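Please take a moment to look over the sequence and the model before reading on.

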Amino acid sequence: MMKFIKFAFVGALGTITNLVIFFILSRFALHYILNSCICFIIALSQNYILNNFFTFQEKALSFKQYLFYIQANIFGLCVNLSVLFIFRIFILEQFYYKDILSQALGIASAFVVNFLLSKYFVFKKGRSD
């Protein structure tokens, strides 16, 4: 349970990073999908480092493990983008802040998937790198 709480804390920091950068980049008229992908890469890298040392208490960073982390989070990104698209186009189309609200819902929907993949795939104890 403690790992889940730590993962949630790191995820909250990543969400803040993601949304702040999303908001800033949206001022430059980037397409919302491209904007979301840029935010994903930045927040993913931050979260890998924090989860590595804080949540799963690894001793060092590993490029191979980072690649596994990216791979595991690609599915979360697909969930995020699907929710972003569906809410932005079909559900929140009349809202002024539809982009940021849809992005926040996308992040929330991908959270559990990312935790499970991180715990059981990326940072699994006994997996040789």
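In which helix is Ser-45 found? Ser-45 is found in helix α2, and, since this is a predicted model, that placement, like everything that follows, describes a prediction. Ser-45 counts as partly exposed because its relative accessible area is 22%, and the limit for a buried residue is under 20%. Computed along the chain in residues, Ser-45 and Tyr-66 are 21 places apart in sequence, while their C-alpha atoms lie 8.3 Å apart in space.The next residue, Gln-46, also lies in helix α2, and Gln-46 counts as partly exposed because its relative accessibility is 25%. Leaving aside neighbours within four places in sequence, Gln-46 is in contact with Leu-13, Gly-14 and Thr-17. Gln-46 and Ile-33 are 13 residues apart in sequence, and their C-alpha atoms are 20 Å apart in space.

Which residues of helix α2 are buried? Helix α2 covers residues 32–55, and its buried residues are Tyr-32, Asn-35, Ser-36, Cys-39, Phe-40, Ala-43, Leu-44, Asn-47, Tyr-48, Asn-51, Asn-52 and Thr-55.

From the helix we can turn to the loops beside it. Ala-29 lies in the loop between α1 and α2, and its phi is near 60°, a positive value in a residue other than glycine. Ala-29 counts as exposed because its relative accessible area is 70%, and exposed means over 50%. After α2 comes Gln-57, which is found in the loop between α2 and α3 and has a positive phi of about 50° although it is not a glycine.

Ser-62 is also found in the loop between α2 and α3. Is Ser-62 buried or exposed? Ser-62 counts as buried because its relative accessibility is 19%, and the limit for that class is under 20%. The side chain of Ser-62 reaches the backbone nitrogen of Gln-65 at 3.1 Å.

What is the volume of the largest pocket? The largest pocket has a volume of about 320 Å³, and the elements that give two or more residues to its lining are α1, α2, α3 and α4. Of these elements, α1 gives the most to the lining, with 6 residues. The lining of the largest pocket is made of 20 residues, and those nearest the centre of the pocket are Thr-15, Asn-47, Asn-73, Ile-107 and Asn-114. One of these, Asn-47, is also among the buried residues of α2. Sorted by class, the lining of the largest pocket holds 10 nonpolar and 10 polar residues, and no charged residues.

Asn-114, one of the residues nearest the centre of the largest pocket, is found in helix α4. Asn-114 counts as buried because its relative accessibility is 13%. With which side chain does the side chain of Asn-114 make a polar contact? The partner is the side chain of Asn-73, at 3.4 Å, and Asn-73 also lies among the residues nearest the centre of the largest pocket. Not counting residues up to four places away in sequence, Asn-114 touches Phe-7, Ala-72, Asn-73 and Gly-76.

The second largest pocket holds about 190 Å³ of space, and the elements that give two or more residues to its lining are α1 and α4. The residues that line the second largest pocket are Phe-22, Phe-23, Ser-26, Arg-27, Tyr-96, Tyr-97, Lys-98, Asp-99 and Ile-100. By class, the lining of the second largest pocket has 5 nonpolar residues, 1 polar residue and 3 charged residues, whereas the lining of the largest pocket has no charged residues.

It remains to ask about confidence. In which element of the protein chain is confidence lowest, and in which is it highest? Confidence is lowest in α4, at a mean of 87, and highest in α1, at 93. The protein chain averages a pLDDT of 88, and 97% of the residues score at least 70. Where pLDDT is low, the predicted coordinates should not be read in detail.

Technical notes:
Residues numbered from 1 in each chain as written. Predicted model: local features only at pLDDT ≥ 70, side-chain atom pairs only at ≥ 80, totals over all residues. Heavy atoms only, no water. Buried < 20%, exposed > 50% of the residue type's maximum accessible area, 1.4 Å probe, protein only. Helix = DSSP H or I, 4+ residues; strand = E, 2+ residues; numbered from the N terminus. 1 Å grid on protein atoms, 1.4 Å probe; cavity = no way out; pocket = protein on both sides within 12 Å on 5 of 7 lines; lining within 4 Å. Points joined across faces, edges and corners; volume = space filled by probe spheres on them. Nonpolar A, V, L, I, M, F, W, Y, C, P; charged D, E, K, R; others polar. pLDDT = per-residue confidence, 0-100. Polar contact = N/O pair within 3.5 Å; in protein donor to acceptor, adjacent residues only side chain to side chain. Contact = heavy atoms within 4.5 Å.
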